[in-house]
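Open the model in your viewer and keep the sequence panel beside it. The stops below go from the whole chain to single residues.

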Amino acid sequence: CCIRSDSIARQAISANALEMGQICEMRLIFMSGFSVFSVKPYAVHQYLNVTLFVCVFPQMIARGKNASDLFPAVVKNVACKNIEVKKLVYVYLVRYAEEQQDLALLSISTFQRGLKDPNQLIRASALRVLSSIRVTIIVPIMMLAIKEAASDMSPYVRKTAAHAIPKLHSLDPEQKDQLIEVIEKLLADKTTLVAGSVVMAFEEVCPDRIDLIHKNYRKLCNLLIDVEEWGQVVIINMLTRYARTQFLNPNINESLLEESSEKAFYASDDEEDEDKKAEAATLAKRKPYVMDPDHRLLLRNTKPLLQSRNAAVVMAVAQLYFHLAPKAEVGIIAKALGMFEPYLKSFYIRSTDPTQIKILKLEVLTNLANETNISTILREFQTYIKSMDKDFVAASIQAIGRCATNIGEVRDTCLNGLVQLLSNRDELVVAESVVVIKKLLQMQPEQHSDIIKHMAKLIDNIQVPMARASILWLIGEYCEHVPKIAPDVLRNMAKTFTNEEDIVKLQIINLAAKLYLTNSKQTKLLTQYVLNLAKYDQNYDIRDRARFIRQLIVPTDKSGALSKYAKKLFLALKPAPVLQSTFKDRDHFQLGSLSHLLNAKAAGYQELPDWPESAPDPSVRNVEVKDSVCARRTVLTGPEGAGVLLLQTTRGSSNILFCQMSHVLLHHSHSEQSSGTEDRKRGRKAVKNQKSASESESESESSESEDESEEESEEESESDTDIRKKKTIAPSGSIKMYELLHRITGEGLAVEYCFSRQPFSPDPNMVAVQIQFTNNTNSETKNLHIEEPRLQSGMRIREFTEIGLQPCESVTVVMGIDFCDSTQAANFQLCTHTRKFFVSIQPPVGELMTPVFLTENDFKKEQGKLMGMNEISEKLMLGEKCVNEHVIVERVTATANLSRVPCGSEKECRFAGKTVSSGCLVLVTVPTKEGGGAQLTVNCEKMLIGTLLVKDIMQALSQ
């Protein structure tokens, strides 16, 4: 049996057995063989899976064979316990998930479990597959997965999260604001593995947000040497653009010296006194250039990368020095071409070189050509013309023309060599030679009439339209030098006029017009014949040209005054063309970019910013270093019993308050009400001591102590009531405060918010958000209001009325937001009379609900309606503190705004609520088991709400 199984497996991995039908047949053989062999089916099936995934599928994908038909069979193995198989399944799914989106969606829950796998490679692969499914319905799930992966302990998973950001942005650009928050978090990562990927995501999503780079600039410069090679390329390109906006031009002094020397040269004696005064005033304003230390840091840290083995890295550093370094330092990456003259033969072209490299070498050889080595270079060019590469041959002939233009001594030699090429059998060689000869003859036409005659004789043998048109243009332009040949050429071309290409027809008409003006006796009838043929041509350009020329050269009564100047129009001297390199005038593109190579703006090209006229503030790149401080931590009782954490730190003579750790531990569980009450009492005493130490006003101290005593009595009465309620418990009173605007960012204005879980009376479909404003400055804050709300489709906001704050005053307001049963953030501007701050409020999924009171029978009835796809069930292990029913109830109600439903069983807790916006029922069941286990079940019509709620409740119960 084992021998037969092994032989079948070997057949599967053979090169001839990689066809789809044979793999399916092999799977059928294995499945049907279970009854024949004395081997357990599971063992054979597992052996087959390992063989297929390790050997067959990677070979099929690598060879370009289509394996998408096996997607249903492969996706089932995503739950396989074999790590190697699971990795390869994810590789397969990444390749075909976009093609088989419907089937991939069925395994979303499996991918989500993969995000929690202990193996970092599995977590990263699961995120990679999830981001490869291009379906907008799972955008919230992808966003949640990316945010979790961005905080993962493994740098490889964080790197994968950075790779997933551009995919999600391209799928749903409306997620840009949230993705920028993730990018900002990943930019602060100190791991070299993440740096390159997050900068790439930054370039794709928000390249204009330079403010995100300020705090991370020096870190990126220092990490650059250790980042992987392709990450180095991305970071260098980004830092090049950053430096052009934040630092001054290091070559500014040279331009100022040039201006001053030019003015001194042209200044007259009478104007010297006035100029001296003006120069003195100007020089007084000008400060000597001193390079910014951060500018020097970038140049110093990129210089070692010139020794990189990766050509792209070397090119990136070269373009950085070219665009950012002082001219004295550019020599590190570039030298004058003259230094390569002794190594001329190193640029000779080999037959194995790609066409693009051949053309670049031709460019170098042409630029190195001078009077001493031109004969050697021309002999080399002659051998290139025999190449089979047509594009290379054309470039070689153009290079010969450029050498003839630049070096006058060899112009005649080059012309003679090009004339010899006119007898070549290859039409492309002849055509390119004619075009180059035409340009060279324009420089000295009177000395080369023999060449024009020779080319006129070849016109019958040359069939390339561009070459024929060039010869006709030459004969017409210099018809006075060949007065006997030109009419005969016109006679021959008139015979074949109807069969010629449009470009040739236009030159025949021009030739006829010029001969009519210079030799009308011989060519008058021929010209009329040609114009009559052109009058009825199918091309309207040719018809229009014939009509125009007839009126111009054949005066009639209807002809205008323009016909008097016909000779000046047709026979005017024309400037000789300049043969120049195709690489000239590319300075407006960034060196090394695709646009620079193509000499045309490519898609996605970003213009290199101009240098700023004045230096921006360098302090934006300063990063605060946390000093060791003595801290006293206290707990303040906020509105409705909310816990606000306060930390006082001492640095010198200043006292600064931060919302951080609490010295007195704040317990939210109802199971520890008594201990929690004692902690709050100790916390209030600490607050009083702290306020006296920080020299707070006595009036505020007395008012706060009175408020605290009232709140204490209310909380104690509420806690007693809650403890007595065993069967129907209202939502937990512990409300979490979130920071909306830090006092430093807000320049003294601190803003916090919480979800009060109270109905919003103006609109019951909105979530009530309680916002607390605190003015920590010594001046009044006026006109506090909201502007420019940026909301997702369907979301609404009910603003609070405009308020003002006196110094050291706190005011609480309530606003309503309709989140549309989504955890998407509501973004808006918080405005005062002087400033505007961009802020956002993002709700936890549990705050999108309102309690619903149901009987046990009603609960079971509604739960029966929400089965199948609307039910999500997960197993979990309860935390050490979840020792009784009351703790579980407290944890669940603290996580979600739900109400307790009566239940006959002591080992089961039920909760009910509905979404605020749409009113969809949310039912939660938590039956406990022996050994600390539990089964969490959520029934909800909205699958996304259910998925997010399961995750949050599991996290709360497992702590």
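This is a predicted model: local features need pLDDT of at least 70, side-chain atom pairs count only at pLDDT 80 or more; totals for chains, interfaces and linings use all residues.

Numbering runs from 1 along each chain as its sequence is written, and side-chain values use heavy atoms, without hydrogens and water.

**Whole protein.** Show the cartoon. The protein has 37 helices and 18 strands; these are DSSP runs, with helices (H or I) of at least four residues and strands (E) of at least two, numbered from the N terminus. Now switch to the surface. Its accessible area is about 50300 Å², 52% of it from carbon and sulfur atoms (Shrake-Rupley method, 1.4 Å probe). Of the 959 residues, 47% are buried, that is, under 20% relative accessible area with a 1.4 Å probe, protein chains only.

**Largest core.** Select L93, F111, L130, I165 and I183. They have the most contacts inside the largest nonpolar core, which has 89 residues. Such a core joins buried Ala, Val, Leu, Ile, Met, Phe, Trp, Tyr and Cys residues through side-chain atoms within 4.5 Å. Center on I165. Beyond its neighbours within four places in sequence, I165 is in contact (heavy atoms within 4.5 Å) with I146, L179, V182, I183, L186, A201 and V205.

**Another core.** Select A369, Y384, I397 and V430. They are among the 81 residues of a core that lies apart from the largest one.

**A loop residue.** Go to N216, between α13 (211–214) and α14 (217–223). Is N216 buried or exposed? N216 counts as buried because its relative accessibility is 9%. Show L187 and A188 too: N216 contacts both, leaving aside neighbours within four places in sequence.

Key:
Buried means under 20% relative accessible area, exposed over 50%, partly exposed in between (1.4 Å probe, protein chains only).
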